[in-house]
Amino acid sequence: METTRRGDLIINGLGSSNGGQFHLVTLNGNGSINSDIECEELECNGTGTLKGNVAATRTKVSGIFRFHGNIEGEKLKVDGTIKIKQNLSVKSLKISGKAHVEGRVKAEEVNLHGIFTVGEDCEAENFKGKYRFTIGGLLNAEQIDVEIYGDCKAKEIGGETITVKPHKGSFIGTLLKPFYKTQLVTDVIEGNQIVLENTVAKIVRGHKVKIGPNCHIGVVEYTDEFSQDKNSIVGDIQKI
(Lines give C-alpha, C1' and ligand atoms only; values in the text may rest on other atoms or scores of the structure.)
Protein backbone atom coordinates (compact mmCIF):
# COMPACT_ATOMS: atom_id res chain seq x y z
CA MET A 1 0.00 0.00 0.00
CA GLU A 2 1.32 3.50 -0.80
CA THR A 3 2.73 5.53 2.09
CA THR A 4 2.31 9.01 0.59
CA ARG A 5 0.05 11.31 2.58
CA ARG A 6 -3.59 11.22 1.57
CA GLY A 7 -6.64 13.06 2.75
CA ASP A 8 -8.99 11.86 5.48
CA LEU A 9 -12.63 10.86 5.27
CA ILE A 10 -14.69 11.45 8.40
CA ILE A 11 -18.44 10.86 8.64
CA ASN A 12 -20.16 12.02 11.83
CA GLY A 13 -23.82 11.30 12.44
CA LEU A 14 -25.94 10.26 9.47
CA GLY A 15 -24.08 10.42 6.17
CA SER A 16 -22.62 8.61 3.20
CA SER A 17 -19.73 8.94 0.79
CA ASN A 18 -18.18 7.37 -2.25
CA GLY A 19 -14.98 5.41 -1.84
CA GLY A 20 -11.46 6.24 -2.93
CA GLN A 21 -7.95 6.43 -1.47
CA PHE A 22 -7.49 7.98 1.97
CA HIS A 23 -5.16 8.07 4.91
CA LEU A 24 -7.74 7.86 7.70
CA VAL A 25 -11.38 6.84 7.36
CA THR A 26 -13.59 7.29 10.42
CA LEU A 27 -17.28 6.48 10.64
CA ASN A 28 -19.07 7.82 13.71
CA GLY A 29 -22.82 7.45 14.12
CA ASN A 30 -24.62 5.95 11.13
CA GLY A 31 -22.46 6.12 8.04
CA SER A 32 -22.04 4.29 4.76
CA ILE A 33 -19.46 4.12 1.98
CA ASN A 34 -20.81 3.23 -1.43
CA SER A 35 -17.75 1.84 -3.26
CA ASP A 36 -14.23 0.47 -2.77
CA ILE A 37 -11.88 2.18 -0.33
CA GLU A 38 -8.15 2.01 0.29
CA CYS A 39 -6.69 3.54 3.43
CA GLU A 40 -4.13 3.27 6.19
CA GLU A 41 -6.59 3.43 9.10
CA LEU A 42 -10.28 2.51 9.16
CA GLU A 43 -12.24 3.19 12.33
CA CYS A 44 -15.87 2.11 12.52
CA ASN A 45 -17.87 3.43 15.48
CA GLY A 46 -21.66 3.27 15.73
CA THR A 47 -23.43 1.53 12.84
CA GLY A 48 -22.88 1.50 9.12
CA THR A 49 -22.36 -0.28 5.81
CA LEU A 50 -19.39 -0.46 3.47
CA LYS A 51 -20.67 -1.59 0.07
CA GLY A 52 -17.37 -2.16 -1.74
CA ASN A 53 -14.06 -3.89 -1.10
CA VAL A 54 -11.82 -2.62 1.68
CA ALA A 55 -8.01 -2.50 1.60
CA ALA A 56 -6.89 -1.05 4.93
CA THR A 57 -3.63 -1.46 6.79
CA ARG A 58 -5.44 -1.34 10.14
CA THR A 59 -9.17 -1.71 10.73
CA LYS A 60 -11.01 -1.39 14.03
CA VAL A 61 -14.72 -2.06 14.45
CA SER A 62 -16.31 -0.90 17.70
CA GLY A 63 -19.94 -0.75 16.60
CA ILE A 64 -22.17 -2.77 14.26
CA PHE A 65 -20.99 -2.78 10.65
CA ARG A 66 -21.67 -4.70 7.45
CA PHE A 67 -19.09 -5.14 4.70
CA HIS A 68 -20.51 -6.22 1.33
CA GLY A 69 -17.13 -6.94 -0.27
CA ASN A 70 -13.74 -8.35 0.68
CA ILE A 71 -11.49 -7.04 3.44
CA GLU A 72 -7.71 -7.24 3.21
CA GLY A 73 -4.94 -5.62 5.22
CA GLU A 74 -2.53 -6.02 8.10
CA LYS A 75 -4.76 -5.92 11.20
CA LEU A 76 -8.46 -6.26 11.98
CA LYS A 77 -9.68 -5.72 15.54
CA VAL A 78 -13.34 -6.35 16.34
CA ASP A 79 -14.74 -5.05 19.62
CA GLY A 80 -18.31 -4.84 18.33
CA THR A 81 -20.13 -6.78 15.61
CA ILE A 82 -18.99 -7.24 12.03
CA LYS A 83 -20.51 -9.09 9.09
CA ILE A 84 -18.47 -9.68 5.94
CA LYS A 85 -20.28 -11.04 2.88
CA GLN A 86 -17.13 -12.01 0.98
CA ASN A 87 -13.62 -13.00 2.14
CA LEU A 88 -11.25 -11.76 4.83
CA SER A 89 -7.45 -11.71 4.44
CA VAL A 90 -5.31 -10.10 7.17
CA LYS A 91 -2.13 -10.86 9.08
CA SER A 92 -3.63 -10.29 12.55
CA LEU A 93 -7.26 -10.90 13.49
CA LYS A 94 -8.45 -10.12 17.02
CA ILE A 95 -12.09 -10.65 17.94
CA SER A 96 -13.47 -9.53 21.30
CA GLY A 97 -17.04 -9.20 20.04
CA LYS A 98 -18.84 -11.01 17.23
CA ALA A 99 -17.60 -11.65 13.69
CA HIS A 100 -19.38 -13.37 10.80
CA VAL A 101 -17.58 -14.03 7.52
CA GLU A 102 -19.65 -15.66 4.78
CA GLY A 103 -16.63 -16.56 2.64
CA ARG A 104 -13.06 -17.59 3.48
CA VAL A 105 -10.67 -16.36 6.16
CA LYS A 106 -6.90 -16.25 5.77
CA ALA A 107 -4.67 -14.87 8.52
CA GLU A 108 -1.34 -15.38 10.23
CA GLU A 109 -2.69 -14.89 13.76
CA VAL A 110 -6.27 -15.39 14.95
CA ASN A 111 -7.01 -14.44 18.54
CA LEU A 112 -10.61 -15.06 19.54
CA HIS A 113 -12.33 -13.90 22.73
CA GLY A 114 -15.87 -13.82 21.38
CA ILE A 115 -18.08 -15.42 18.73
CA PHE A 116 -16.62 -16.26 15.31
CA THR A 117 -18.52 -17.68 12.33
CA VAL A 118 -16.94 -18.56 8.97
CA GLY A 119 -18.98 -19.88 6.06
CA GLU A 120 -16.09 -21.58 4.26
CA ASP A 121 -12.46 -22.39 5.21
CA CYS A 122 -10.37 -20.66 7.87
CA GLU A 123 -6.60 -20.78 7.38
CA ALA A 124 -4.03 -19.40 9.83
CA GLU A 125 -0.58 -20.02 11.22
CA ASN A 126 -1.81 -19.72 14.80
CA PHE A 127 -5.44 -20.02 15.89
CA LYS A 128 -6.06 -19.26 19.54
CA GLY A 129 -9.65 -19.09 20.65
CA LYS A 130 -11.78 -18.67 23.73
CA TYR A 131 -15.57 -18.89 23.66
CA ARG A 132 -17.45 -20.03 20.51
CA PHE A 133 -16.77 -20.57 16.82
CA THR A 134 -18.40 -22.20 13.80
CA ILE A 135 -16.32 -23.01 10.71
CA GLY A 136 -18.31 -24.23 7.70
CA GLY A 137 -15.26 -25.79 6.01
CA LEU A 138 -11.71 -26.63 7.11
CA LEU A 139 -10.02 -25.01 10.10
CA ASN A 140 -6.35 -25.29 9.22
CA ALA A 141 -3.46 -23.87 11.28
CA GLU A 142 -0.02 -24.93 12.45
CA GLN A 143 -0.96 -24.27 16.07
CA ILE A 144 -4.58 -24.60 17.25
CA ASP A 145 -5.27 -23.88 20.91
CA VAL A 146 -8.92 -23.39 21.84
CA GLU A 147 -10.88 -23.09 25.06
CA ILE A 148 -14.50 -23.68 24.15
CA TYR A 149 -17.58 -22.36 25.87
CA GLY A 150 -20.84 -23.44 24.34
CA ASP A 151 -21.27 -25.38 21.11
CA CYS A 152 -18.33 -25.09 18.67
CA LYS A 153 -18.27 -26.63 15.20
CA ALA A 154 -15.92 -27.14 12.26
CA LYS A 155 -16.32 -29.42 9.27
CA GLU A 156 -12.70 -30.56 9.53
CA ILE A 157 -9.68 -29.52 11.60
CA GLY A 158 -6.04 -29.87 10.57
CA GLY A 159 -2.77 -28.69 12.11
CA GLU A 160 0.59 -29.54 13.62
CA THR A 161 -0.42 -29.14 17.27
CA ILE A 162 -4.11 -29.20 18.23
CA THR A 163 -5.37 -28.62 21.77
CA VAL A 164 -9.06 -28.44 22.71
CA LYS A 165 -10.31 -27.94 26.26
CA PRO A 166 -13.34 -26.38 27.95
CA HIS A 167 -13.14 -22.78 29.07
CA LYS A 168 -13.20 -22.57 32.86
CA GLY A 169 -15.20 -19.37 32.74
CA SER A 170 -16.49 -17.16 35.51
CA PHE A 171 -18.72 -17.88 38.49
CA ILE A 172 -21.81 -16.77 36.54
CA GLY A 173 -20.72 -18.93 33.63
CA THR A 174 -20.51 -21.92 35.96
CA LEU A 175 -24.08 -21.31 37.13
CA LEU A 176 -25.31 -21.18 33.49
CA LYS A 177 -23.28 -24.22 32.41
CA PRO A 178 -26.24 -26.68 32.64
CA PHE A 179 -28.04 -24.62 29.95
CA TYR A 180 -25.14 -24.65 27.46
CA LYS A 181 -23.50 -27.66 25.82
CA THR A 182 -19.75 -27.11 25.93
CA GLN A 183 -18.32 -29.27 23.16
CA LEU A 184 -16.53 -29.20 19.83
CA VAL A 185 -18.21 -31.14 17.02
CA THR A 186 -16.29 -32.04 13.84
CA ASP A 187 -16.00 -34.79 11.26
CA VAL A 188 -12.21 -35.13 11.13
CA ILE A 189 -9.26 -33.96 13.25
CA GLU A 190 -5.80 -34.54 11.80
CA GLY A 191 -2.45 -33.40 13.20
CA ASN A 192 0.87 -34.41 14.71
CA GLN A 193 0.16 -33.81 18.41
CA ILE A 194 -3.48 -33.84 19.44
CA VAL A 195 -4.96 -33.28 22.92
CA LEU A 196 -8.76 -33.27 23.13
CA GLU A 197 -11.42 -32.68 25.76
CA ASN A 198 -15.17 -32.21 25.28
CA THR A 199 -14.89 -33.24 21.63
CA VAL A 200 -17.21 -35.21 19.35
CA ALA A 201 -15.48 -36.41 16.16
CA LYS A 202 -15.91 -39.18 13.62
CA ILE A 203 -12.17 -39.60 12.97
CA VAL A 204 -9.07 -38.43 14.87
CA ARG A 205 -5.78 -39.06 13.11
CA GLY A 206 -2.30 -38.16 14.42
CA HIS A 207 1.14 -39.20 15.60
CA LYS A 208 0.52 -38.54 19.31
CA VAL A 209 -3.13 -38.56 20.38
CA LYS A 210 -4.47 -37.91 23.87
CA ILE A 211 -8.22 -38.25 24.37
CA GLY A 212 -9.15 -36.43 27.55
CA PRO A 213 -12.51 -36.42 29.40
CA ASN A 214 -15.95 -35.97 27.84
CA CYS A 215 -15.06 -37.05 24.31
CA HIS A 216 -16.96 -39.26 21.89
CA ILE A 217 -14.73 -40.39 19.02
CA GLY A 218 -15.64 -42.84 16.27
CA VAL A 219 -12.16 -43.90 15.15
CA VAL A 220 -8.68 -42.97 16.35
CA GLU A 221 -5.72 -43.63 14.04
CA TYR A 222 -2.29 -43.01 15.56
CA THR A 223 1.34 -43.82 14.76
CA ASP A 224 3.32 -43.16 17.97
CA GLU A 225 1.35 -42.67 21.20
CA PHE A 226 -2.26 -42.95 22.35
CA SER A 227 -4.04 -42.46 25.68
CA GLN A 228 -7.70 -42.27 26.63
CA ASP A 229 -9.52 -40.90 29.65
CA LYS A 230 -11.94 -43.28 31.34
CA ASN A 231 -14.76 -40.75 30.90
CA SER A 232 -14.50 -40.77 27.11
CA ILE A 233 -15.75 -43.17 24.44
CA VAL A 234 -13.69 -44.29 21.44
CA GLY A 235 -15.34 -46.72 19.02
CA ASP A 236 -12.19 -48.06 17.33
CA ILE A 237 -8.46 -47.58 17.95
CA GLN A 238 -6.00 -48.31 15.15
CA LYS A 239 -2.20 -48.10 15.27
CA ILE A 240 -0.99 -47.45 11.76
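Residues are numbered from 1 along each chain as its sequence is written, and side-chain values use heavy atoms, without hydrogens or water. Because the model is predicted, local features need pLDDT of at least 70 and side-chain atom pairs count only at pLDDT 80 or more, whereas totals for chains, interfaces and linings use all residues.

Side chains of opposite charge can pair when their charged atoms come close. A search of the whole structure finds 9 salt bridges (a side-chain nitrogen of Lys or Arg within 4 Å of a carboxyl oxygen of Asp or Glu). One of them joins glutamate 41 to arginine 58 at 2.6 Å, N to O. Glutamate 41 lies in strand S4 (residues 37-50) and arginine 58 in strand S5 (residues 54-61), so the contact ties together parts that are 17 residues apart in sequence; strands are DSSP runs (E, at least two residues) numbered from the N terminus. Glutamate 41 is partly exposed, with a relative accessible area of 23%, and arginine 58 is also partly exposed, at 34% (buried means under 20%, exposed over 50%, partly exposed in between, with a 1.4 Å probe and protein chains only).

A salt bridge of 3.6 Å, N to O, is formed by glutamate 74 and lysine 91. This pair links strand S7 (residues 71-78) with strand S9 (residues 88-95), its members being 17 residues apart. In strands S17 (residues 216-228) and S16 (residues 199-211) respectively, glutamate 221 and arginine 205 meet at 2.7 Å, N to O. Glutamate 221 is buried, with a relative accessible area of 16%, whereas arginine 205 is partly exposed at 24%.

Tyrosine 131 belongs to strand S13 (residues 122-148) and tyrosine 149 to the loop between S13 and strand S14 (151-166), so parts 18 residues apart in sequence are tied together.

On the surface, Glu108, Glu109, Glu125, Glu142 and Glu160 gather in a patch of negative charge (residues with over 30% relative accessible area and no salt bridge, like charges being joined within 9 Å). Strands S11 (105-112) and S13 each supply at least two residues of this patch. Glutamate 109, in strand S11, is partly exposed, with a relative accessible area of 38%.

Terms used:
Helices (H or I, at least four residues) and strands (E, at least two) are DSSP runs, numbered from the N terminus. Patches are made of residues with over 30% relative accessible area and no salt bridge: like charges are joined within 9 Å, nonpolar side chains (Val, Leu, Ile, Met, Phe, Trp, Tyr) within 5 Å. Accessible areas come from the Shrake-Rupley method with a 1.4 Å probe; for residues, only the protein chains shown count as cover. Lys and Arg count as positive and Asp and Glu as negative; His and the chain ends are not counted. The place of a charge is taken as NZ of Lys, CZ of Arg, CG of Asp or CD of Glu.
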